[in-house]
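Please find below a colleague's note on the model under review.

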Amino acid sequence: MHPALSVIFFTTASGAGYGLLVWLALHAALTGNADPIIGWIGLPLSLGLVTAGLLSSTFHLGHPERAWRALSQWRSSWLSREGVMAILTYVPAVIFAAGWLAFGRIDGAWAIAGLAAAVLALITVYCTAMIYRSLKTIPRWYSGYTVPGYLILALASGGLWMLPLIALAGEDVPSAALPVLTALLFSAAIKWRYWASSDHAGATATSGSATGLGSLGQVRLLEGPTTSETYVMREMGYRIGRKHAARLRQFTALFGFLIPVAVLAVLMSVPGTGTMAAGLALIAALSGSIGVVLERWLFFAEAKHVATLYYGEDFA
């Protein structure tokens, strides 16, 4: 049993891609500078991460060839809404990219297309988060911190990848680093609250309360309810020791927040542009990406479906 790597890659890659798209759109609207370095690196990177993430998510489906059918359930399914919004985001994003790369224009209608893509990108990330937030059967995910955590982490990770581009383009790095630093600090605070609340999430439950036999004494599993591995046990019955979880949280905090924050503090205190500033910003982006992967692995590894009570697990 282990968290699905395809889902981890999907949520981290697409989150960073959508976050970067938001920063590119804001840069275009606020500066009007269609710098070719930012455009020719940032836009392919953003859309490439989004596309790679979406494609990887199909490998998690039982029948990937039927993925298109999920789009028809948008009235009731957050997964379907996510797919619909992801497709819609491509329309203004491609128009925005065409204006920047083909015509060197990011003003007027091109800027509006970029802002529309940014809004749709955030809505798509929101839908992704709601896939997990809406599951009452997984107490850790059914938390008020799940959605804001996804949104702010997407902005933070995307912003970290925006800074090296700004440095290479010779633009003002300290002023651009401030909002990214703010997003990182908010993300760290939300993640800390998520961990603190999710460790005690949901009502206390035992195998006795699940089976209704608790009044007769301690309920223990004599035989497993199935003779083969099930989806729930494979995806949401992973066991991770508290010691290992605590250590991974420390690594997440180190790579995902502490190192990037320290590097951004240096960038803001020592004005500079070019390769030196880009190198420091790249270190922050790489460290942040490692932290996001660790955070997302923990997000899925620590999730436990209430159905695992019938397999001998306890939520007490």
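1. Overall composition. The coordinates are those of a predicted model, and the remarks below should be read accordingly. The chain contains 10 helices and zero strands, giving the pattern α-α-α-α-α-α-α-α-α-α along the sequence. Of its 316 residues, 45% count as buried. When contacts between residues at least 6 apart in sequence are considered, 81% of them join residues at least 24 apart.

2. Helix H1. This helix covers residues 5-31. H1 has 27 residues, and the distance from its first C-alpha to its last is 38 Å, close to the 39 Å expected at 1.5 Å a residue. Of the 27 residues of H1, 21 are buried, so the helix is largely enclosed by the rest of the structure. Gly-32 follows H1 and has a positive phi, near 70 degrees.

3. H1 against H5. Helix H5 comprises residues 146-168. The two helices pack at an angle of about 65 degrees, and their axes lie 7 Å apart. H1 is therefore roughly perpendicular to H5, a class that takes in angles of 65 to 115 degrees. The crossing of H1 past H5 is right-handed. On the H1 side, the contact is made by Thr-11, Gly-15, Ala-16, Gly-19, Leu-20, Val-22, Trp-23, Leu-24 and His-27. H5 contributes Tyr-150, Ala-154, Leu-155, Ser-157, Gly-158, Gly-159, Trp-161 and Met-162. Sorted by class, this contact has 10 nonpolar, seven polar and no charged residues.

4. Helix H2. Residues 36-58 form this helix. H2 has 23 residues and reaches 33 Å from its first C-alpha to its last, close to the 33 Å expected at 1.5 Å a residue. Its buried residues are Ile-38, Gly-39, Gly-42, Leu-43, Ser-46, Leu-47, Val-50, Gly-53, Leu-54 and Ser-56.

5. H2 against H3. H2 and H3 pack at an angle of about 165 degrees, with 11 Å between their axes. H2 is therefore roughly antiparallel to H3, the class for angles over 145 degrees. H2 passes H3 in a left-handed crossing. From H2, the contact draws on Ile-38, Gly-39, Trp-40, Leu-43, Leu-47, Val-50, Thr-51 and Leu-54. From H3, it draws on Ala-86, Tyr-90, Ala-93, Phe-96, Ala-97, Trp-100 and Leu-101. The classes are 13 nonpolar, two polar and no charged residues.

6. H2 against H5. The angle between H2 and H5 is about 160 degrees, and their axes are 9 Å apart. H2 is therefore roughly antiparallel to H5. H2 and H5 cross in a right-handed sense. The contact is made by Ile-37, Ile-38, Ile-41, Gly-42 and Leu-45 of H2, together with Trp-161, Met-162, Leu-165, Ile-166 and Leu-168 of H5. It has nine nonpolar residues, one polar residue and no charged residues.

7. Thr-252. This residue is found in helix H9, which covers residues 242-269. Is Thr-252 buried or exposed? Thr-252 is buried, because its relative accessible area is 1%. Not counting residues up to four places away in sequence, Thr-252 touches Trp-195, Phe-257, Gly-291, Leu-294, Glu-295 and Leu-298.

Notes
Residues are numbered from 1 along each chain as its sequence is written. This is a predicted model: local features need pLDDT of at least 70, side-chain atom pairs count only at pLDDT 80 or more; totals for chains, interfaces and linings use all residues. Side-chain values use heavy atoms; hydrogens and water are left out. Axes are lines fitted to C-alpha atoms, for helices over the stretch in contact, and angles run from 0 to 180 degrees between N-to-C directions. Helices (H or I, at least four residues) and strands (E, at least two) are DSSP runs, numbered from the N terminus. Angles under 35 degrees count as roughly parallel, over 145 as roughly antiparallel, 65 to 115 as roughly perpendicular and the rest as oblique. A crossing is left-handed if the near helix is turned anticlockwise from the far one by less than a right angle, and right-handed if clockwise. Contact means heavy atoms within 4.5 Å. Ala, Val, Leu, Ile, Met, Phe, Trp, Tyr, Cys and Pro count as nonpolar, Asp, Glu, Lys and Arg as charged, and the others, Gly among them, as polar. The expected span of a helix is 1.5 Å times one less than its number of residues. Buried means under 20% relative accessible area, exposed over 50%, partly exposed in between (1.4 Å probe, protein chains only).
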